[in-house]
There are 2 protein chains.
Amino acid sequence: MKKENLSNTHNDIKKLLKKHNLKMTPQRAAIYNEIVGSKEHPATVKIFKKVREVFPNISFDTVNRTLSTFVDIGLIKSVEYSGESRRFDPNTKKHHHFICVKCGRIIDFESREFDNLNIPEDIKKRYEVLEYKVTIEGICDRCKK
Amino acid sequence: MKKENLSNTHNDIKKLLKKHNLKMTPQRAAIYNEIVGSKEHPATVKIFKKVREVFPNISFDTVNRTLSTFVDIGLIKSVEYSGESRRFDPNTKKHHHFICVKCGRIIDFESREFDNLNIPEDIKKRYEVLEYKVTIEGICDRCKK
DNA sequence: CTACAATTAGGAATCATTCTTATTTAAGAT
DNA sequence: ATCTTAAATAAGAATGATTCCTAATTGTAG
Ligand SMILES: [Mn+2]
Ligand SMILES: [Mn+2]
Ligand SMILES: [Zn+2]
Ligand SMILES: [Zn+2]
């Protein structure tokens, strides 16, 4: 196994940070490592607890602020769902969400159709469209019992 | 002008409350009157301030709890957008939202196409779908300067 | 009118997020 | 390797939204 394989993600994030005049720090690396593989769209507190296992002194603020920074530079995304804490998504490719109204689980799904909707003309004319997504609400398999 | 016209909304909400074994109260009527015509998807605090002009002693808790009750019985809807306070929508007909990422304005729009999307088969198979909507993010006319 | 259960006001508590400040650190320059 | 300096961090306070608690009030059935 080559050395590069072990430091790939580290170099990737470092490059992106540099592009935005931000420094690479061990805290940022640890936070990135924690979220990059996750599929559950974790909230800050969840990431905080995990990172604490490696960095016993890291503060909640640092984790939360770092996640906001990552969103700002496009490394991750923030998932919209009101009434709860912010949740984060390492998957920045276009995709859509099924949200369980019982347990709050957020599940990714893909759809060619949904990826290519025709934004209404009057919306495109009046506003600047950045992105769009389809959100399905319902009850997940686990909660259906 | 007939008497029924003046008490129509009052009777409507009373009927719906009764169906859910809830009592009609002056506070609930005032809160309903405040949100029913609004197009701005107001947050609790906005509704609270308005209702206070009529009911100087009403508590924030009552307004907030009542709005939750209204959502529960389907009188209004809660609008999803994380990182901010809950916002409410008196429009329960199927429609979609444009959200301005700069000022947080939430704007309704209609689309026959968006109202009739084909939910992916594997989603329908695995989960119980209750509803779905398209959310467009972008920059509104005001914020474009 | 009376009794009972639901609803409310007010304040405390909780939870997420942001701010403040002193200290530490990353990274470019020597 | 050391110095320099702006950026980043830890810790705790502050803020904001929401929920909880409890005693008092109110709506409605009988
Ligand atoms: Mn996702
Ligand atoms: Mn709406
Ligand atoms: Zn579920
Ligand atoms: Zn705007």
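Trainee: What makes H2(B) roughly perpendicular to H4(B)?
Mentor: Helix H2 (residues 26–36) of chain B and helix H4 (residues 60–72) of chain B pack at about 70°, with their axes 10 Å apart. Axes are lines fitted to C-alpha atoms, for helices over the stretch in contact, and angles run from 0 to 180 degrees between N-to-C directions. Under 35 degrees counts as roughly parallel, over 145 as roughly antiparallel, 65 to 115 as roughly perpendicular and the rest as oblique. H2(B) is therefore roughly perpendicular to H4(B).

Trainee: Which residues in H2(B) and H4(B) meet?
Mentor: B:Gln27, B:Arg28, B:Ile31, B:Tyr32 and B:Ile35 in H2(B) meet B:Thr62, B:Val63, B:Thr66, B:Leu67 and B:Phe70 in H4(B); contact means heavy atoms within 4.5 Å. By class, this contact has six nonpolar, three polar and one charged residues. Ala, Val, Leu, Ile, Met, Phe, Trp, Tyr, Cys and Pro count as nonpolar, Asp, Glu, Lys and Arg as charged, and the others, Gly among them, as polar.

Trainee: What sort of model is it, and how are its parts numbered?
Mentor: It is a predicted model, in which local features need pLDDT of at least 70 and side-chain atom pairs count only at pLDDT 80 or more, while totals for chains, interfaces and linings use all residues. Residues are numbered from 1 along each chain as its sequence is written, chains are lettered from A and ligands numbered from 1 in the order in which they are written, and side-chain values use heavy atoms, with hydrogens and water left out.

Trainee: What counts as a helix or a strand, and how many are in chain A?
Mentor: Both are DSSP runs numbered from the N terminus: helices are H or I with at least four residues, strands E with at least two. Chain A has six helices and five strands, in the order α-α-α-α-β-β-β-β-α-α-β.

Trainee: How do you know that the copies meet through the same surface?
Mentor: Because 100% of the interface residues of chain A are also interface residues in chain B.

Trainee: Which residues come nearest to DNA strand C?
Mentor: Of the 21 residues around DNA strand C, they are A:Lys18, A:Asp61, A:Arg86, B:Thr25 and B:Thr62. A residue is near a strand if one of its heavy atoms lies within 4 Å of it. Sugar and phosphate account for 74% of the atoms of DNA strand C that come within 4 Å of the protein.

Trainee: What makes the approach of A:Asp61 to DNA strand C a polar contact?
Mentor: The term needs a pair of N or O atoms within 3.5 Å; within protein, one must be able to donate a hydrogen and the other to accept it, and residues adjacent in sequence count only if both atoms are side-chain atoms. A polar side-chain atom of A:Asp61 lies 2.4 Å from a base nitrogen of DNA strand C.

Trainee: Which backbone atoms lie by a phosphate oxygen of DNA strand D?
Mentor: A backbone N or O atom of B:Arg86 is 2.7 Å from one, and a backbone N or O atom of A:Asn57 is 3.1 Å from one.
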